[in-house]
Amino acid sequence: MSMIDVVTVGSTYEDILRKQAATVADIDEKIVRLTTAMIESLEIHKGIGLAGPQVNEQLRLFVTHAQDDIPRVFINPEIIMTSDDIVPYEEGCLSIPGVWADVMRPAEITIQAWNEKGRPFTIDAHGILARVIQHEYDHLRGRLFIDRIEEKKRERLMKVYLKNIG
Ligand code: NI
């Protein structure tokens, strides 16, 4: 598969979506090429976030391009603060195309990471950016947004999804 292909649930490479991603040892040329391709992939697929495991790279990195925001690269990220207020927001995922569901998550977060230039940064995020960051962060731990919805609803959504791709 090419770097730009997105791993989907039910596809040959789906196991990587359930694995723990590994720390990026060096932010080198390969990582720059990978994250650049991932940002391009977001535009192609009209997504707002994409994590390493979704492009078959078991690495702790993700990219975001939320509405009204710039493209961002997060390498070896750590969410260091989450707000107490938990809010619903409808989420989808390029790895489970066509499935959408409301997910409850903290409204605001603080995250530390390194960018593609190897520089550490910290941002406080709210709104869509906080949402997409938490969704992508989950991908690095082998978690999908459907894990966070009620079981009956999940079973129903995934039954339809698997039938449609089958
Ligand atoms: Ni996703």
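The model is predicted, so local features need pLDDT of at least 70 and side-chain atom pairs count only at pLDDT 80 or more, while totals for chains, interfaces and linings use all residues. Residues are numbered from 1 along each chain as its sequence is written, and side-chain values use heavy atoms, with hydrogens and water left out. A nickel ion is coordinated by Cys93, His135 and His139, and 5 strands form an open antiparallel sheet.

**Nickel site**

- The donor atoms are SG of Cys93, NE2 of His135 and NE2 of His139, at 2.1 to 2.2 Å from the nickel ion.
- Donors are N, O and S atoms within 2.8 Å of the metal (3.2 Å for Na, K and Ca); water is not among the atoms, so sites may look incomplete.
- The spacing of the donor residues in sequence is C-x41-H-x3-H.
- Cys93 lies in the loop between β4 (86-91) and β5 (101-106) and His135 in helix α2 (residues 127-139), so the pair ties together parts that are 42 residues apart in sequence.
- Helices (H or I, at least four residues) and strands (E, at least two) are DSSP runs, numbered from the N terminus.
- Cys93 and His135 are both buried, where buried means under 20% relative accessible area, exposed over 50% and partly exposed in between (1.4 Å probe, protein chains only).
- His135 has a relative accessibility of 6%.
- Leaving aside neighbours within four places in sequence, His135 is in contact with Glu91, Gly92, Cys93, Arg105 and Phe145; contact means heavy atoms within 4.5 Å.

**Helix α2**

- Helix α2 has 13 residues and spans 19 Å from its first C-alpha to its last, close to the 18 Å expected at 1.5 Å a residue; the expected span is 1.5 Å times one less than the number of residues.
- Of the 13 residues in α2, 11 are buried, among them Arg131, His135, Asp138 and His139.
- Helix α2 lies across β1, β2, β3, β6 (108-114) and β7, at about 120° to β7. Axes are lines fitted to C-alpha atoms, for helices over the stretch in contact, and angles run from 0 to 180 degrees between N-to-C directions.

**Salt bridges**

- The count is 10 salt bridges, each defined as a side-chain nitrogen of Lys or Arg within 4 Å of a carboxyl oxygen of Asp or Glu.
- Arg60 and Glu78 form a salt bridge at 3.6 Å, N to O. The pair links the loop between β1 (49-51) and β2 (61-64), which holds Arg60, with strand β3 (residues 72-82), which holds Glu78, 18 residues apart.
- Arg60 is buried at 12% relative accessibility, whereas Glu78 is partly exposed at 39%.
- In the salt bridge of Arg105 with Glu91, the closest N and O atoms are 2.7 Å apart. Arg105 lies in strand β5 and Glu91 in strand β4, so the pair ties together parts that are 14 residues apart in sequence.
- Arg105 is buried at 2% relative accessibility, and Glu91 is buried at 3%.
- Asp138 and Arg141 form a salt bridge at 2.7 Å, N to O; Asp138 is buried at 2%, and Arg141 is partly exposed at 39%.
- A network of salt bridges links Glu91, Arg105, Arg131, Asp138, Arg141 and Arg148.

**Sheet**

- The strand order is β1-β2-β3-β6-β7, with β1 and β7 (120-126) as the edge strands, each pairing on one side only.
- Two strands pair if DSSP finds at least two bridges between them; β1 and β2 pair over 3 bridges.
- The twist averages 40° from one strand to the next.
- Helix α1 (residues 29-45) packs on the sheet and touches β1, β2 and β3, its direction making about 40° with that of β2.
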